[in-house]
Every structure is written in structure tokens, then in C-alpha cells.
Amino acid sequence: MQYLLMIYSNDAEYAARPQAEVAQTMAEYGAFTQGIIQNGNYKGGERLRPASMATTVRVRDGKTLTTDGPFAETREQLGGYYLIDAKNLDEATAIAARIPGARYGCVEVRPIWAMGEA
Amino acid sequence: MSAGNIESVFRAEAGRALATLIRLVGDFEYAEDALQDAFAVALARWPVDGIPHNARAWLVEVGRRKAIDRIRRRTSWLHKQHELQAEATIKAHAPVGDAEEQVVADDMLRLIFTCCHPALNMEAQVALTLRAVCGLSTGEIARAFLVGEETMAQRLVRAKAKIRTAKIPYETPDASMLGDRIDGVLATIYLVFTEGYAPTTGHELLRRDLSREAIRLGRLLLQLMPEQAAVQGLLALMLLHDARRDARATAGGDLIRLEDQDRGLWDRAQIAEGAALVEQALRTRGAPSPYAVQAAIAALHAQAKSYLETDWRQIAGLYDVLLRLQPSPVIALNHAAAVSMVDGPQAALNLVDSLGAREKLDGYHLLPAVRADLLVRLDRKDEARVAYREAIALARLEPEQRWLQRRLDALG
């Protein structure tokens, strides 16, 4: 069973953190990612540029509307994700709890809707 | 063979039969449908053949076969593979027969932990537990919680859909998570109990059933996990509160304070059972469970000859322990009330006022209510009147407003 772990945090607060702390977090992310690769849970994952770099696209009546910024202004923004394979929700949430970002912001755990599944 | 007899067998066996069927069928909803099918067959057959010797095993076996039928009927090209797998799973499990008690107990625990999974919201946990574990109908649960049957049905459908699609495991959590997860189960059971115990008007009878179901759940959980002190503590707490039920309100639904209750109406056998459980719970090493400490306080009250002859010193000490385990304004106020019985109303008033200054408790009616009581005892009537009026304006439950109004009127 696959789950998408979406890591949300406050971009502004994240950017304001001291350099040493950021470096420490990066090292923790490296170790976490290595860990889930070794355990066979890892299917993919990336860090995202801040929401201020986002562009939102809509198509209405055949016309493409392009706007600057994320689709919704919220206090916490999607900052990265992991796609994992886990045997059930308990394993998925246990993995989510080990993501360094869970200590600053939060991690939303969503089951993947597999093609053809009702 | 009356329909009533059959109903009571269904009611007694529904939880365990469903728990076993979920393991066999591997899906909550299939298992529920299968059990309903089995009930339908039983309703047709039992009045003629009699209730089978092992009714649960009979229901599980019929349900298992019905589940296979249903899966075959539902099979379409799109779901063929999934359904065939499901059918293979069911067939792979041997028919149950006279299943070992331990196996059934494990099934039941798995069911309880699934229904009380933290990935479900509290309302959903409560509804699902009452439906699946206690075997209450959707209509019964809806009426007890004063919501429409349609709303309750949707709540249950959504919860079951989440169990399936997010793959909430049908498992007893492993040791690393067990403590937290037991706390979650206990919180759900206690919520069911307090829903039944809260004295709101109207549906008193239905609500009373909720308290009984909560106690039944507590007993079941203790039977399944006899070593867990927190479970002993919760069951003790519920038994001790419930033992005083007949004495705590007038026929008209007005609250009667502990000091004015007719202690002759308290259920002595239930108090003895609760008190014995508290002792067991507190003998366990490590930090006591907050439920056990609350139960110990309730036991001291329940065993006291009168309000004045209560062991207030020990009660004040237990509230102090509870405050450290679980700081909350309600507990702080109860602590102050106990202190007033040991060190007098002025000492307690100091505690209450410093609590009011320390924490944001605007809008919390118990703070002025307790202040008012203490002011009366200090003979500061004008200030007491102001405090009672403040409390009345903030109280939300009608019986509480009426009780505070009577206190105010008594001041003249």
C-alpha cells in the first residue's frame, strides 16, 4: 500500500532559522531518507522550493489562466514530500513521525488511490 | 423460542462474532454484511430448530459462507482479481467451530483497537465502537447522541470507508505504541460513559443505557487485558460514579449535591467492587493512571459515612497528585474545594483567586460558582451574590443554572 507523506511548514519561519540549525535538519533528512531506502519503504521524495516560487494554472473555457503564487494562501505550505510503501496506516504514520519536519510543522498522510481501484 | 430470546443472543454475540468474521473475511464492511445475513438466517431457522448450542460459532460459520456468496455475486471484471484474492483468504481460514477463547479474545481486542484508532475522529470512534463492539443499532446510537439516523449512518459509513481506504490495521498495536493506544480506547469508553452520565433533560433513559454500555465495555476490556492498571482504574471510576446515580438528581431532574445526597440510595455492592479495583490499580508500580486517582477519590467519597466524616485530607492530597498528572482548571477547583474542608474556606479562596489570576478562565462557570460557595461560608454574602449571578450567566446546562439559582435565592 502506498502513501504520500506531505510535509507542511511555515516558509517564513523556516527561512528565518539560523544556518547551523538548517544544516542540522538537512543532515537529519539525509539520515531519515537513507533509513527508509534501506528498509524498502522509499518510493520517491523531493524537497520543494518555497510557495513564493509557485505558479498556479487553471483552464477555463479553453483559456489558460496563469497566476503568481500558490492556489491557497495558508499559514503552512507544502515544502516537500515522500512517496512510501507501507503495510498499513500504522506503519505509514510511524514513518511520518520520524520526518524531521514533523517537529516544526506537520505531515499529512494520504493513501494513494491506485489506478483501477474502487 | 421467543423473538426476544433471539434478540438477546444477537446482542450478546454480535461483537465477538463480528470480530472473528473481520479476521476471516479481512474487511470490516464485508464482515458486517455477512453478520447481518447470518442474523437473517438465524431469525428464520432458530424459531424452528432452536438456538444452537454454540450460537456464536454458528453465526460465524453461516456468516463466512454468506461472505463468500456475496463476494461471488459482486465480482465484476474490474474487481475480479481483488475479489478472488478475498475469496481465497476466507477459504484459507479453517472454519471456526469451537474456537479457543484466547483466539476470540484476540479478535475482540483487535476490533476495539480498530474502532478506537486515533486516525478516526472521536465521534466516529464512539459511533463505531457502539455499533461494532456493543452491537447497538445505528438508530439507537443516533437517538442516544441526539442526532438524526441519517447523520449517524453517514458517520459510520465514512469511518468504515477510512478503515478500508487508508488501511487502518486490524491489529492490536505493538508494545511501543500500546500505552498510547490504550489511553485512546479508555478516552473513548469514558466519553461514552460521561455522555450517559451528564444530566441533560429529556433523553435520560437512553443516556443511562450509554453509561451501562460504557461499563460493559470497561468490563470486557479488563477481561481482555486484566493486567492493565489504567483499565482497572477506568472501570473502578465508572462503577463508583454510577453507584451514586439514583441519588444525584431529583425526579424533576434537579441536581443534588454530594453533601445533600441520600447515601442510602447508593449501590453498596457496586461501590465495593469499584473500591477493590482501585486498590488493585494503585498497587501497580509506576506513575498511577489519572483514572485510578480519580477513582480513589470517588471511593473515599463513596465509603464515607457522611459528607463531614469524609477523609478530606486524603482527598485533597489525591487532587494534588491528579493536578500534577493532568493539570486542569476543573481539578484545581476540586482541589480547592477539598482544601476548604481541611484548612477552611479562606485558604481555599486564596487558591481559587490565584488560579483565576494565573489562567485565562473567562467564561468558565465553575470558577465563580466555587468562589460563591466559599464566600457564603466566609459570610461575605454580597460578594457571593455577585459571584452566583456571574456563574448563572455562564452555565450552559439548565439543571446547573437552576441549582445555582437556588443557591442564590437561599441567600435571601
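Predicted model: local features only at pLDDT ≥ 70, side-chain atom pairs only at ≥ 80, totals over all residues.
Colleague: What makes E2(A) and strand E5 of chain A a pair?

Modeller: Two strands pair if there are at least two bridges between them. E2(A) and E5(A), residues 77-85, have five bridges, in the antiparallel sense. Therefore they count as a pair. In E5(A), A:Tyr81 is the bridge partner of A:Glu46.

Colleague: Where does this pair sit in the sheet of four strands?

Modeller: The open sheet runs E2-E5-E1-E6 in chain A, with antiparallel pairing.

Colleague: Why are E2 and E6 of chain A called edge strands?

Modeller: Strand E2 (42-47) and strand E6 (106-111) each pair on one side only. On average, neighbouring strands of this sheet are turned by 20° against each other, direction ignored.

Colleague: Which helix packs on the sheet, and which strands are touched?

Modeller: Helix H3 of chain A, residues 89-98, touches strand E1 (2-9), E5 and E6 of chain A. Contact here requires C-beta atoms within 7 Å. The direction of H3 makes about 155° with that of E6(A).

Colleague: Turn to chain B. How far apart are the C-alpha centres of domain 2 and domain 3 of chain B?

Modeller: They lie 22 Å apart. The contact takes 16 residues from domain 2 of chain B and 13 residues from domain 3 of chain B.

Colleague: Which element gives the largest share of the domain 2 side?

Modeller: H10(B), with seven residues. Helix H9 (175-197) and helix H10 (204-224) of chain B each supply at least two.

Colleague: What is the make-up of that side by class?

Modeller: The side of domain 2 of chain B that touches domain 3 of chain B has 12 nonpolar, three polar and one charged residues.

Key: Residues numbered from 1 in each chain as written. Chains lettered and ligands numbered in written order. Axes fitted to C-alpha atoms, helices over the stretch in contact; angles between N-to-C directions. Contact = placed C-beta atoms within 7 Å. Domains from an automatic or database assignment. Nonpolar A, V, L, I, M, F, W, Y, C, P; charged D, E, K, R; others polar.
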